[in-house]
Amino acid sequence: MKIGARTFKTGLAILLSFIVPPLIGFEDSIGLAAAAVVFSMQPSVQETFIKTRDRLVANIIGGLIAFFVMSYLGDAVVMIAVASALLIALLHQLGLNDVIGLATLTVINIMLSPGENLLLTAVQRVAATLIGIVIAFAVNTFVLPPRYDVKFYNKTVDLTDDTMKYIRQMLRKNAQFPLMTEDLKRLNKEIIVLKKFHKYMRDPFYKRFISRRYYSMLRFLVVSRQSIQANETFYELATIMHESESTMNHLPHDLRMLIRERMETLMTAHEQILLKWNGRILPEEVNFLTYRRDLRRRFMEAFYTEASSDASMDFDFSKGNDLLRTMTKIFEYDNELQHFNKLTNSFVKYERDDDIKRL
């Protein structure tokens, strides 16, 4: 059993939800504040900020609905169900589906124990919920804030290494088709995780006023977004080569050597850019992306010659299409790496404030 940072912060926030409400006169609403804490903890500061804003709005709406339903229709069980249904429908209409649970819990809690003063009860219960939301937001923001930049970089390195390993298997005819199919599916899931980390890295706008890391992280986000784009293109190239396995394995030896040579150059460049990103290589020392015009022309001509050969034009055009798709994706990967390299050069020349430079 592992107690991670998020688990620790949730426990701390629950503890505070039992301590803070009694200090400001909300002894009867401790449970509601604690429930709000559990509902409100999110994996990132940005997500916590968005959910905090949405939950504040949803709980205020829920308190108003509970008050008016109790005032004009009573607090019978049927009325609690009606009020809950109205709230769910309204929040769904407003696009606040993710915060329905806590808001509905607030309505039920208000209507189950209305007290003598309906308005005061509604205000107190909504306020207790808001206290829990604010506690969760404060803890998640200031106590062990998640550093997804490190997780993103490590995941990027792992994903790139795995894709290179599979590409090299295919270039050397060592890949087993069924196993490679499963490996590529796993890579696709890793890209989805990478995009999630990129989303979690975004800081809310107010951070620019209280964090010296805000603008450094914005620059990091630009580089990381291009890194995702390069890895997506790399994955698409691996998928095309896998789908075209029969075509690729029966190419002339010279063309296969050209493809292997170019791919090794690009993959080495990709590795070097990642090393440059965390400061292990100086920007001016990476020149793997230079590719002479005559070699580029020879590469393209070899592809087109093979794609338009009699063997490629017999019966159907599948072989020619496979070759053109592969060549196009190789050049697209080349272009994405060029852009990735340019952004990384710019990033490492500025004063940085991230943790990956120390990895």
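Not counting residues up to four places away in sequence, M263 touches I167, L171, F234, L237, I330 and Y333, where contact means heavy atoms within 4.5 Å. The model is predicted, so local features need pLDDT of at least 70 and side-chain atom pairs count only at pLDDT 80 or more, while totals for chains, interfaces and linings use all residues. Residues are numbered from 1 along each chain as its sequence is written, and side-chain values use heavy atoms, with hydrogens and water left out.

M263 is also among the residues with the most contacts inside the largest nonpolar core, which has 47 residues; F152, I167, I259, W277, Y333 and F340 are named with M263. Such a core is a set of buried Ala, Val, Leu, Ile, Met, Phe, Trp, Tyr and Cys residues joined through side-chain atoms within 4.5 Å, buried meaning under 20% relative accessible area with a 1.4 Å probe and protein chains only. Two or more residues of this core come from each of helix 7, helix 8 (177-201), helix 10 (214-243), helix 12 and helix 15 (318-349), helices being DSSP runs of H or I with at least four residues, numbered from the N terminus. Helix 10 gives the largest share, eleven residues. Another core, of 24 residues, lies apart from this one and includes L87, L96, V99 and I100.

Helix 12 covers residues 253-277, and because its 25 residues at 1.5 Å a residue should span 36 Å, the 36 Å between its end C-alpha atoms agrees; the expected span is 1.5 Å times one less than the number of residues. After helix 12 comes G279, whose phi is positive, near 85°.

Notes: Buried < 20%, exposed > 50% of the residue type's maximum accessible area, 1.4 Å probe, protein only.
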